[in-house]
Amino acid sequence: RTLRIGLIPGDGIGREVIPAGRRILEALPKSLGLSFSFVDLEAGFETFQKTGAALPEKTVDTLKQECDGALFGAVSSPTTPTKGYSSPIVALRKRLDLYANVRPVKSVKNTTMFPDPIDLVIVRENTEDLYVKEEKTYDTENGKVAEAIKRISERASSRIATMAGDIALRRQRVRDSTGQTGKSANVTITHKSNVLSQTDGLFRSTAREALAQAQFKGVTVDEQIVDSMVYKLFRQPETYDVIVAPNLYGDILSDGAAALVGSLGLVPSANVGEGFAIGEPCHGSAPDIQGQNIANPIATLRSVALMLEFLNEEKAAALIYKAVDANLEEGKYLSPDMGGQAKTTEVVEDILRRM
Ligand code: NAI
Ligand code: MG
(Lines give C-alpha, C1' and ligand atoms only; values in the text may rest on other atoms or scores of the structure.)
(Ligands and ions follow the chains in the order given, each with its own letter.)
Protein backbone atom coordinates (compact mmCIF):
# COMPACT_ATOMS: atom_id res chain seq x y z
CA ARG A 1 0.00 0.00 0.00
CA THR A 2 1.28 3.43 -0.94
CA LEU A 3 0.00 6.37 1.05
CA ARG A 4 0.19 9.86 -0.38
CA ILE A 5 0.88 12.36 2.35
CA GLY A 6 0.49 16.13 2.08
CA LEU A 7 3.18 18.05 3.97
CA ILE A 8 2.12 21.46 5.28
CA PRO A 9 4.97 22.90 7.37
CA GLY A 10 3.36 26.33 7.87
CA ASP A 11 5.41 28.89 9.82
CA GLY A 12 8.11 29.03 12.47
CA ILE A 13 9.22 25.70 13.90
CA GLY A 14 6.67 23.97 11.65
CA ARG A 15 9.43 24.12 9.04
CA GLU A 16 11.81 22.29 11.34
CA VAL A 17 9.52 19.58 12.66
CA ILE A 18 7.59 18.58 9.53
CA PRO A 19 10.77 17.45 7.72
CA ALA A 20 11.38 15.23 10.77
CA GLY A 21 7.92 13.74 10.25
CA ARG A 22 8.77 12.93 6.67
CA ARG A 23 12.06 11.31 7.65
CA ILE A 24 10.38 8.98 10.13
CA LEU A 25 7.84 7.82 7.54
CA GLU A 26 10.65 7.14 5.08
CA ALA A 27 12.51 5.15 7.73
CA LEU A 28 9.70 2.66 8.43
CA PRO A 29 10.85 -0.89 7.64
CA LYS A 30 10.00 -2.15 4.15
CA SER A 31 8.67 -5.36 5.73
CA LEU A 32 5.50 -3.48 6.68
CA GLY A 33 4.59 -3.42 2.99
CA LEU A 34 3.97 0.29 3.23
CA SER A 35 5.43 3.08 1.15
CA PHE A 36 4.83 6.79 0.95
CA SER A 37 4.78 9.57 -1.59
CA PHE A 38 4.78 13.18 -0.54
CA VAL A 39 3.45 16.45 -1.82
CA ASP A 40 4.58 19.80 -0.37
CA LEU A 41 1.71 22.19 0.33
CA GLU A 42 1.48 25.76 1.54
CA ALA A 43 -0.51 27.44 4.29
CA GLY A 44 0.09 29.98 7.01
CA PHE A 45 0.91 33.58 7.66
CA GLU A 46 3.88 33.77 5.32
CA THR A 47 1.75 32.24 2.60
CA PHE A 48 -0.88 34.86 3.37
CA GLN A 49 1.63 37.69 3.10
CA LYS A 50 2.92 36.29 -0.19
CA THR A 51 -0.35 35.31 -1.86
CA GLY A 52 -3.18 36.96 0.06
CA ALA A 53 -4.59 33.61 1.15
CA ALA A 54 -3.62 31.76 4.33
CA LEU A 55 -5.04 28.56 2.88
CA PRO A 56 -4.58 28.47 -0.91
CA GLU A 57 -7.27 26.56 -2.82
CA LYS A 58 -4.54 24.42 -4.32
CA THR A 59 -3.70 23.07 -0.85
CA VAL A 60 -7.33 22.09 -0.19
CA ASP A 61 -7.82 20.61 -3.67
CA THR A 62 -4.62 18.56 -3.53
CA LEU A 63 -5.52 17.17 -0.12
CA LYS A 64 -9.01 16.27 -1.30
CA GLN A 65 -8.07 14.81 -4.65
CA GLU A 66 -4.69 13.17 -4.12
CA CYS A 67 -3.91 12.55 -0.49
CA ASP A 68 -4.66 9.84 2.05
CA GLY A 69 -3.46 11.93 4.96
CA ALA A 70 -1.38 14.96 5.84
CA LEU A 71 0.97 16.50 8.35
CA PHE A 72 0.45 20.07 9.49
CA GLY A 73 3.19 21.90 11.40
CA ALA A 74 1.93 25.12 12.90
CA VAL A 75 1.04 28.57 11.69
CA SER A 76 1.64 31.98 13.18
CA SER A 77 -1.35 34.23 13.57
CA PRO A 78 -1.16 37.99 13.29
CA THR A 79 -1.31 39.66 16.70
CA THR A 80 -3.87 42.23 15.57
CA PRO A 81 -6.95 41.58 13.42
CA THR A 82 -5.68 41.45 9.85
CA LYS A 83 -8.13 41.91 7.03
CA GLY A 84 -8.60 38.74 5.01
CA TYR A 85 -6.62 36.52 7.35
CA SER A 86 -8.23 33.59 9.07
CA SER A 87 -6.65 30.52 10.58
CA PRO A 88 -5.91 27.92 7.90
CA ILE A 89 -6.11 24.92 10.22
CA VAL A 90 -9.55 25.94 11.44
CA ALA A 91 -10.61 26.30 7.79
CA LEU A 92 -9.03 22.97 6.81
CA ARG A 93 -10.89 21.17 9.57
CA LYS A 94 -14.11 22.56 8.16
CA ARG A 95 -13.38 22.07 4.46
CA LEU A 96 -12.36 18.43 4.93
CA ASP A 97 -14.97 17.81 7.64
CA LEU A 98 -12.33 16.65 10.09
CA TYR A 99 -14.80 16.58 12.90
CA ALA A 100 -12.63 15.14 15.64
CA ASN A 101 -9.45 16.47 17.19
CA VAL A 102 -7.81 13.60 19.01
CA ARG A 103 -5.12 14.38 21.57
CA PRO A 104 -3.44 11.59 23.48
CA VAL A 105 -1.50 12.58 26.59
CA LYS A 106 0.87 9.94 27.83
CA SER A 107 3.67 10.05 30.34
CA VAL A 108 6.92 8.25 29.96
CA LYS A 109 9.30 7.73 32.85
CA ASN A 110 11.33 10.93 33.29
CA THR A 111 8.73 13.21 31.75
CA THR A 112 6.27 13.72 34.58
CA MET A 113 6.21 14.59 38.25
CA PHE A 114 3.27 12.25 38.83
CA PRO A 115 3.98 8.89 40.44
CA ASP A 116 1.40 6.94 38.40
CA PRO A 117 1.53 6.66 34.65
CA ILE A 118 -0.72 9.05 32.74
CA ASP A 119 -2.34 7.67 29.63
CA LEU A 120 -5.42 9.52 28.50
CA VAL A 121 -6.94 10.86 25.28
CA ILE A 122 -8.88 14.05 24.83
CA VAL A 123 -11.39 13.85 21.99
CA ARG A 124 -12.37 17.35 21.07
CA GLU A 125 -15.26 18.27 18.79
CA ASN A 126 -13.70 20.16 15.93
CA THR A 127 -16.36 21.88 13.85
CA GLU A 128 -18.64 23.99 15.98
CA ASP A 129 -19.12 25.49 19.48
CA LEU A 130 -17.71 29.04 19.84
CA TYR A 131 -15.29 28.31 17.02
CA VAL A 132 -17.96 28.82 14.36
CA LYS A 133 -16.56 32.34 14.65
CA GLU A 134 -19.85 34.13 14.27
CA GLU A 135 -18.98 37.24 16.19
CA LYS A 136 -20.21 40.78 16.08
CA THR A 137 -19.46 44.04 17.80
CA TYR A 138 -21.89 46.90 18.24
CA ASP A 139 -22.11 50.20 20.04
CA THR A 140 -24.38 50.86 22.98
CA GLU A 141 -24.86 53.79 25.34
CA ASN A 142 -22.33 52.17 27.64
CA GLY A 143 -19.72 51.50 25.00
CA LYS A 144 -18.98 48.59 22.70
CA VAL A 145 -20.42 45.12 23.19
CA ALA A 146 -19.11 42.02 21.45
CA GLU A 147 -20.99 38.74 21.06
CA ALA A 148 -20.17 35.29 19.77
CA ILE A 149 -22.40 32.39 18.82
CA LYS A 150 -21.89 29.08 20.59
CA ARG A 151 -23.42 26.44 18.33
CA ILE A 152 -23.89 22.85 19.45
CA SER A 153 -25.67 20.34 17.23
CA GLU A 154 -27.03 16.86 17.85
CA ARG A 155 -25.23 15.52 14.80
CA ALA A 156 -21.79 16.79 15.77
CA SER A 157 -22.20 15.85 19.43
CA SER A 158 -23.35 12.37 18.54
CA ARG A 159 -20.54 11.60 16.11
CA ILE A 160 -17.82 12.94 18.41
CA ALA A 161 -19.15 10.82 21.30
CA THR A 162 -19.25 7.80 18.99
CA MET A 163 -15.64 8.46 18.01
CA ALA A 164 -14.72 8.69 21.71
CA GLY A 165 -16.43 5.35 22.37
CA ASP A 166 -14.61 3.73 19.44
CA ILE A 167 -11.28 5.04 20.71
CA ALA A 168 -12.00 3.74 24.21
CA LEU A 169 -12.69 0.29 22.78
CA ARG A 170 -9.56 0.35 20.62
CA ARG A 171 -7.39 1.38 23.58
CA GLN A 172 -8.90 -1.45 25.61
CA ARG A 173 -7.98 -3.90 22.83
CA VAL A 174 -4.40 -2.65 22.81
CA ARG A 175 -4.16 -2.92 26.62
CA ASP A 176 -5.60 -6.44 26.53
CA SER A 177 -3.21 -7.54 23.81
CA THR A 178 -0.18 -6.26 25.70
CA GLY A 179 -1.28 -7.69 29.03
CA GLN A 180 -1.82 -4.32 30.72
CA THR A 181 -4.38 -4.32 33.49
CA GLY A 182 -5.78 -1.83 35.92
CA LYS A 183 -7.68 0.46 33.59
CA SER A 184 -10.98 -0.25 31.88
CA ALA A 185 -12.57 1.49 28.93
CA ASN A 186 -14.16 4.72 30.13
CA VAL A 187 -15.43 7.91 28.54
CA THR A 188 -15.80 11.10 30.59
CA ILE A 189 -18.19 13.64 29.07
CA THR A 190 -17.13 17.21 29.86
CA HIS A 191 -19.51 20.15 29.79
CA LYS A 192 -20.89 23.10 31.73
CA SER A 193 -24.56 22.29 31.49
CA ASN A 194 -25.26 23.56 34.99
CA VAL A 195 -24.88 27.06 33.50
CA LEU A 196 -25.33 26.53 29.76
CA SER A 197 -28.31 24.22 29.99
CA GLN A 198 -29.28 24.42 26.32
CA THR A 199 -25.97 24.26 24.44
CA ASP A 200 -23.88 22.17 26.81
CA GLY A 201 -27.07 20.46 27.92
CA LEU A 202 -27.59 19.21 24.37
CA PHE A 203 -23.97 18.10 24.12
CA ARG A 204 -24.27 16.17 27.35
CA SER A 205 -27.56 14.40 26.64
CA THR A 206 -26.62 13.59 23.03
CA ALA A 207 -23.24 12.19 24.05
CA ARG A 208 -24.92 10.09 26.75
CA GLU A 209 -27.33 8.70 24.21
CA ALA A 210 -24.62 7.90 21.65
CA LEU A 211 -22.55 6.06 24.26
CA ALA A 212 -25.56 4.07 25.43
CA GLN A 213 -25.62 2.18 22.12
CA ALA A 214 -25.10 -1.58 22.23
CA GLN A 215 -21.60 -1.53 20.71
CA PHE A 216 -20.35 0.42 23.72
CA LYS A 217 -21.63 -1.89 26.41
CA GLY A 218 -18.03 -2.56 27.49
CA VAL A 219 -17.40 1.15 27.98
CA THR A 220 -18.30 2.89 31.22
CA VAL A 221 -19.46 6.51 30.94
CA ASP A 222 -19.24 9.30 33.45
CA GLU A 223 -19.35 13.07 33.21
CA GLN A 224 -17.72 16.07 34.75
CA ILE A 225 -18.27 19.83 34.76
CA VAL A 226 -15.35 21.40 32.94
CA ASP A 227 -13.93 23.57 35.73
CA SER A 228 -13.85 20.75 38.25
CA MET A 229 -12.48 18.63 35.43
CA VAL A 230 -9.42 20.89 35.28
CA TYR A 231 -8.95 20.49 39.02
CA LYS A 232 -9.22 16.73 38.96
CA LEU A 233 -7.16 16.42 35.81
CA PHE A 234 -4.30 18.18 37.59
CA ARG A 235 -4.72 16.20 40.83
CA GLN A 236 -5.39 12.72 39.51
CA PRO A 237 -4.59 12.55 35.81
CA GLU A 238 -3.93 8.80 36.04
CA THR A 239 -7.63 8.12 36.61
CA TYR A 240 -8.74 9.22 33.14
CA ASP A 241 -9.05 7.18 29.98
CA VAL A 242 -10.99 9.02 27.22
CA ILE A 243 -12.35 12.53 27.71
CA VAL A 244 -14.86 13.93 25.21
CA ALA A 245 -15.51 17.67 25.08
CA PRO A 246 -16.99 20.45 22.96
CA ASN A 247 -14.47 22.44 20.92
CA LEU A 248 -13.41 25.22 23.31
CA TYR A 249 -13.17 23.13 26.49
CA GLY A 250 -11.32 20.45 24.57
CA ASP A 251 -8.83 23.02 23.28
CA ILE A 252 -8.08 24.33 26.75
CA LEU A 253 -8.05 20.95 28.49
CA SER A 254 -5.63 19.47 26.02
CA ASP A 255 -3.04 22.24 26.25
CA GLY A 256 -3.33 22.04 30.03
CA ALA A 257 -2.96 18.28 29.98
CA ALA A 258 0.23 18.71 27.96
CA ALA A 259 1.80 20.36 31.00
CA LEU A 260 1.27 17.17 32.99
CA VAL A 261 3.65 15.19 30.84
CA GLY A 262 6.54 17.60 30.58
CA SER A 263 6.29 19.77 27.50
CA LEU A 264 4.04 21.02 24.74
CA GLY A 265 6.78 19.68 22.50
CA LEU A 266 5.74 16.11 23.32
CA VAL A 267 2.02 16.19 22.68
CA PRO A 268 0.52 15.12 19.34
CA SER A 269 -2.91 15.50 17.82
CA ALA A 270 -4.82 14.30 14.83
CA ASN A 271 -7.70 15.93 13.00
CA VAL A 272 -9.88 13.06 11.90
CA GLY A 273 -12.81 12.67 9.52
CA GLU A 274 -14.18 9.80 7.47
CA GLY A 275 -11.14 8.15 5.89
CA PHE A 276 -8.81 11.12 6.27
CA ALA A 277 -6.48 12.26 9.03
CA ILE A 278 -4.14 15.19 9.50
CA GLY A 279 -1.42 14.77 12.12
CA GLU A 280 -0.60 18.02 13.90
CA PRO A 281 1.62 18.73 16.91
CA CYS A 282 -0.38 20.54 19.62
CA HIS A 283 2.12 23.36 19.86
CA GLY A 284 2.23 26.55 17.80
CA SER A 285 4.93 28.04 15.61
CA ALA A 286 7.11 29.00 18.64
CA PRO A 287 8.74 32.12 17.15
CA ASP A 288 10.89 32.43 20.28
CA ILE A 289 12.92 29.37 19.29
CA GLN A 290 12.50 29.19 15.52
CA GLY A 291 15.47 28.73 13.22
CA GLN A 292 17.74 27.39 15.97
CA ASN A 293 17.29 23.65 15.42
CA ILE A 294 16.21 23.21 19.06
CA ALA A 295 12.46 22.56 18.70
CA ASN A 296 11.34 19.25 20.14
CA PRO A 297 10.31 17.06 17.18
CA ILE A 298 8.52 14.45 19.30
CA ALA A 299 5.04 16.02 19.18
CA THR A 300 5.28 15.80 15.41
CA LEU A 301 6.67 12.26 15.33
CA ARG A 302 3.86 11.12 17.60
CA SER A 303 1.38 12.96 15.36
CA VAL A 304 2.74 10.95 12.44
CA ALA A 305 2.03 7.76 14.41
CA LEU A 306 -1.44 8.97 15.33
CA MET A 307 -2.22 9.77 11.70
CA LEU A 308 -1.11 6.23 10.78
CA GLU A 309 -3.41 4.75 13.44
CA PHE A 310 -6.40 6.46 11.87
CA LEU A 311 -5.29 5.25 8.43
CA ASN A 312 -5.40 1.73 9.91
CA GLU A 313 -1.64 1.27 9.98
CA GLU A 314 -1.40 0.42 13.65
CA LYS A 315 1.78 -1.65 13.35
CA ALA A 316 3.71 1.20 11.80
CA ALA A 317 2.33 3.56 14.45
CA ALA A 318 3.41 1.23 17.27
CA LEU A 319 7.00 1.17 15.96
CA ILE A 320 7.20 4.96 16.08
CA TYR A 321 5.66 5.23 19.56
CA LYS A 322 8.08 2.64 20.87
CA ALA A 323 11.17 4.35 19.45
CA VAL A 324 10.05 7.72 20.84
CA ASP A 325 9.35 6.27 24.31
CA ALA A 326 12.77 4.61 24.33
CA ASN A 327 14.44 7.92 23.46
CA LEU A 328 12.65 9.67 26.33
CA GLU A 329 13.26 6.89 28.83
CA GLU A 330 16.96 6.79 28.15
CA GLY A 331 17.06 10.57 28.28
CA LYS A 332 20.42 10.95 26.53
CA TYR A 333 19.17 12.96 23.55
CA LEU A 334 16.62 15.41 24.92
CA SER A 335 15.84 18.84 23.48
CA PRO A 336 16.18 21.94 25.71
CA ASP A 337 12.45 22.07 26.62
CA MET A 338 13.03 18.67 28.28
CA GLY A 339 16.10 19.85 30.11
CA GLY A 340 18.53 18.42 27.57
CA GLN A 341 20.94 19.90 25.06
CA ALA A 342 20.22 17.90 21.93
CA LYS A 343 19.38 19.60 18.66
CA THR A 344 16.15 18.79 16.83
CA THR A 345 18.08 16.76 14.27
CA GLU A 346 19.97 14.83 16.98
CA VAL A 347 16.72 13.79 18.67
CA VAL A 348 15.38 12.65 15.30
CA GLU A 349 18.52 10.68 14.53
CA ASP A 350 18.43 8.92 17.90
CA ILE A 351 14.81 7.90 17.27
CA LEU A 352 15.58 6.75 13.71
CA ARG A 353 18.43 4.57 15.05
CA ARG A 354 16.02 2.92 17.47
CA MET A 355 13.56 2.17 14.67
P1 NAI B 1 3.60 27.98 21.07
O2 NAI B 1 3.06 26.61 21.25
O3 NAI B 1 4.13 28.32 19.75
O4 NAI B 1 4.75 28.24 22.16
C5 NAI B 1 4.52 28.22 23.56
C6 NAI B 1 5.84 27.96 24.29
O7 NAI B 1 6.20 26.57 24.15
C8 NAI B 1 7.01 28.75 23.70
O9 NAI B 1 7.88 29.13 24.72
C10 NAI B 1 7.68 27.75 22.77
O11 NAI B 1 9.06 27.98 22.60
C12 NAI B 1 7.44 26.43 23.49
N13 NAI B 1 7.32 25.34 22.51
C14 NAI B 1 6.27 25.09 21.69
N15 NAI B 1 6.52 24.02 20.92
C16 NAI B 1 7.75 23.59 21.24
C17 NAI B 1 8.57 22.53 20.77
N18 NAI B 1 8.19 21.68 19.79
N19 NAI B 1 9.79 22.39 21.31
C20 NAI B 1 10.21 23.21 22.29
N21 NAI B 1 9.48 24.23 22.79
C22 NAI B 1 8.26 24.43 22.27
O23 NAI B 1 2.43 28.98 21.48
P24 NAI B 1 2.41 30.59 21.42
O25 NAI B 1 3.73 31.14 21.77
O26 NAI B 1 1.22 30.96 22.19
O27 NAI B 1 2.10 30.94 19.90
C28 NAI B 1 3.08 31.24 18.92
C29 NAI B 1 2.38 31.33 17.58
O30 NAI B 1 1.84 30.06 17.22
C31 NAI B 1 1.22 32.31 17.56
O32 NAI B 1 1.24 33.02 16.36
C33 NAI B 1 0.01 31.42 17.67
O34 NAI B 1 -1.12 31.99 17.12
C35 NAI B 1 0.47 30.21 16.91
N36 NAI B 1 -0.23 28.95 17.27
C37 NAI B 1 -0.53 28.10 16.26
C38 NAI B 1 -1.12 26.90 16.50
C39 NAI B 1 -1.41 26.01 15.34
O40 NAI B 1 -0.96 26.29 14.25
N41 NAI B 1 -2.09 24.93 15.50
C42 NAI B 1 -1.45 26.46 17.86
C43 NAI B 1 -1.03 27.39 18.88
C44 NAI B 1 -0.45 28.60 18.58
MG1 MG C 1 -4.92 25.14 21.05
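Aspartate 97 sits in the loop between α4 (88-95) and β4. Its phi is near 50 degrees, a positive value in a residue other than glycine. Aspartate 97 is exposed, because 12 other C-beta atoms lie within 10 Å. The cut-offs are these: a residue is buried if 20 or more other C-beta atoms lie within 10 Å of its own, exposed if 12 or fewer, and partly exposed in between, with C-beta atoms placed from the backbone. Helices (H or I, at least four residues) and strands (E, at least two) are DSSP runs, numbered from the N terminus.

This is a predicted model, in which local features need pLDDT of at least 70, side-chain atom pairs count only at pLDDT 80 or more, and totals for chains, interfaces and linings use all residues. Residues are numbered from 1 along each chain as its sequence is written, while chains are lettered from A and ligands numbered from 1 in the order in which they are written.

**Confidence**

- The chain has a mean pLDDT of 94, where pLDDT is the predictor's confidence in each residue, from 0 to 100.
- In this chain, 100% of the residues reach 70 or more.
- For the complex, the predictor gives an ipTM of 0.97 and a pTM of 0.91.

- Two strands pair if DSSP finds at least two bridges between them.

- Strand β4 (residues 100-106) runs antiparallel to strand β11 (residues 270-273), and 3 bridges join them.
- Valine 102 stands opposite alanine 270 in β11.
- β4 is also joined to β5, by 7 bridges, and these two run antiparallel.
- Arginine 103 has isoleucine 122 in β5 as its bridge partner.
- β5 pairs with strand β10 (residues 242-245) in the parallel sense, over 4 bridges.
- Isoleucine 122 stands opposite isoleucine 243 in β10.
- Strand β5 (residues 119-125) is mostly covered, with 6 of its 7 residues buried.

**The hairpin of β6 and β7**

- β6 and β7 form a hairpin, with 2 residues between them.
- Strand β6 (residues 135-140) pairs with β7 in the antiparallel sense, over 6 bridges.
- Glutamate 135 has alanine 148 in β7 as its bridge partner.
- Strand β7 (residues 143-148) is hardly covered: the count of buried residues among its 6 residues is 0.

- Helix α9 (residues 298-310) has 13 residues, which at 1.5 Å a residue should span 18 Å. The rule is 1.5 Å times one less than the number of residues.
- The end C-alpha atoms of α9 are 18 Å apart, which agrees.
- α9 is mostly covered: 13 of its 13 residues are buried.
- Asparagine 293 is in the loop between β12 (276-279) and α9.
- The phi of asparagine 293 is near 60 degrees, a positive value in a residue other than glycine.
- Asparagine 293 counts as partly exposed, because it has 14 C-beta neighbours inside 10 Å.
- Just after α9, asparagine 312 takes a positive phi of about 65 degrees.

- Phenylalanine 36 lies in strand β2. It is partly exposed, because 15 other C-beta atoms lie within 10 Å.
- Phenylalanine 36 and leucine 25 are 11 residues apart along the chain, and their C-alpha atoms are separated by 7.3 Å.
- Alanine 74 lies in strand β3 (residues 69-74). It counts as buried, because it has 27 C-beta neighbours inside 10 Å.
- Alanine 74 and proline 117 are 43 residues apart along the chain, and their C-alpha atoms are separated by 29 Å.

**Ligand 1**

- There are 20 residues around ligand 1, and Ser77, Gly265, His283, Gly284 and Asn296 come nearest. A residue is near a molecule or strand if its C-beta atom, placed from the backbone, lies within 6 Å of it.
- The shell around ligand 1 divides into 10 nonpolar, 8 polar and 2 charged residues. Ala, Val, Leu, Ile, Met, Phe, Trp, Tyr, Cys and Pro count as nonpolar, Asp, Glu, Lys and Arg as charged, and the others, Gly among them, as polar.
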